[in-house]
Amino acid sequence: MRLDKKTRKVWEQARTVLLAEHPQHDASEHVGLLSVMVGLRSVALFLDIDEPNATKVIRLVNALGLTAFTANDPTVAYKWESAHPPEITEVFRDRSLCKGMWVCQNRNDARLIRSGITQIEAGRLLGYPQCCIDRNQRRHADFEDAVVRSYLQKFGSDPDDLARAIAEERKVLVNYDPVNETPRTRAQFPFVQHVACESCLTAEDTPTAVLNSEYEQLVAGIDPILHDYLAGVGKATARELFP
Ligand SMILES: [Zn+2]
């Protein structure tokens, strides 16, 4: 795939603007931006942005007819069944909002995003595989359950006592062993922007594997430096995980 002259010019400028603080994260999110610029996907998202730099990129990509803007990050959907009553789980649910930068092909998606969306809705707009979207929710649910159990054990089951313990930043030891899907995704699929689920990580020709090779081809053809950087991140992560 080749970029027309105007898109190439915008990409040359946008690729150097650091939006996310962490360089690997930033590089990965730039792949998302590129995929929208060439029409491969309809939506891209940068989390934890630097606002002045975001403004630069917004101006650049708006000139291509895309709709770019800052809006709230997707929120946790909290749709799972919990073993704990709602008055307890509510104490632990974080509904604070951060800003991200969104880039959309069409205005309907932009309108929906501006009205506030959950991670499930965002995952679909961003083209993430449903199996990985579901797994992400499960991960949140398991972590919440582990946190709630630890607090219940230490502070009892009165929601006010629990809320006070959290407000006072009282520490508890949470018995939760995070599965290493994030580094494994980086090692196996360095060109995708989501965390792959276990089945995508263990089988052949999975939805994540297909996306990864699609994005890799795109980046290799347009920006070999970005390609080599992310491929290198993948190899380095694989060496750390499987020495
Ligand atoms: Zn998956």
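Predicted model: local features only at pLDDT ≥ 70, side-chain atom pairs only at ≥ 80, totals over all residues.
**Exercise 1. Describe how helix 9 packs against helix 12.**

Step 1. Two packed helices are described by the angle between their axes and the distance between the axes.

Step 2. Read them off. Helix 9 covers residues 181-188 and helix 12 covers residues 224-241. Their angle is about 130 degrees, and the axes lie 7 Å apart.

Step 3. Classify. Helix 9 is therefore oblique to helix 12. An angle over 145 degrees would count as roughly antiparallel.

Step 4. Helix 9 and helix 12 cross in a left-handed sense.

Step 5. List the contacts. Helix 9 supplies Pro183, Arg184, Arg186 and Ala187. Helix 12 supplies Val233, Gly234, Thr237, Ala238 and Leu241. Sorted by class, this contact holds 5 nonpolar, 2 polar and 2 charged residues.

**Exercise 2. Work out the strand order of the sheet, then place the helices that touch its strands.**

Step 1. Set the order. The open sheet has 3 strands, ordered 1-3-2, with antiparallel pairing.

Step 2. Find the edges. Strand 1 (43-46) and strand 2 (67-72) each pair on one side only, so they are the edge strands.

Step 3. Neighbouring strands are turned by 25 degrees against each other on average, direction ignored.

Step 4. Inspect one pairing. Strand 2 is joined to strand 3 (residues 99-104) by 6 bridges. Threonine 67 has cysteine 104 in strand 3 as its bridge partner.

Step 5. Helix 5 (residues 107-114) lies across strand 1, strand 2 and strand 3. Helix 5 runs at about 15 degrees to strand 2.

Methods
Residues numbered from 1 in each chain as written. Axes fitted to C-alpha atoms, helices over the stretch in contact; angles between N-to-C directions. Helix = DSSP H or I, 4+ residues; strand = E, 2+ residues; numbered from the N terminus. Parallel < 35°, antiparallel > 145°, perpendicular 65-115°, else oblique. Left-handed = near helix turned anticlockwise from the far one by under 90°. Contact = placed C-beta atoms within 7 Å. Nonpolar A, V, L, I, M, F, W, Y, C, P; charged D, E, K, R; others polar. Pairing = 2+ DSSP bridges.
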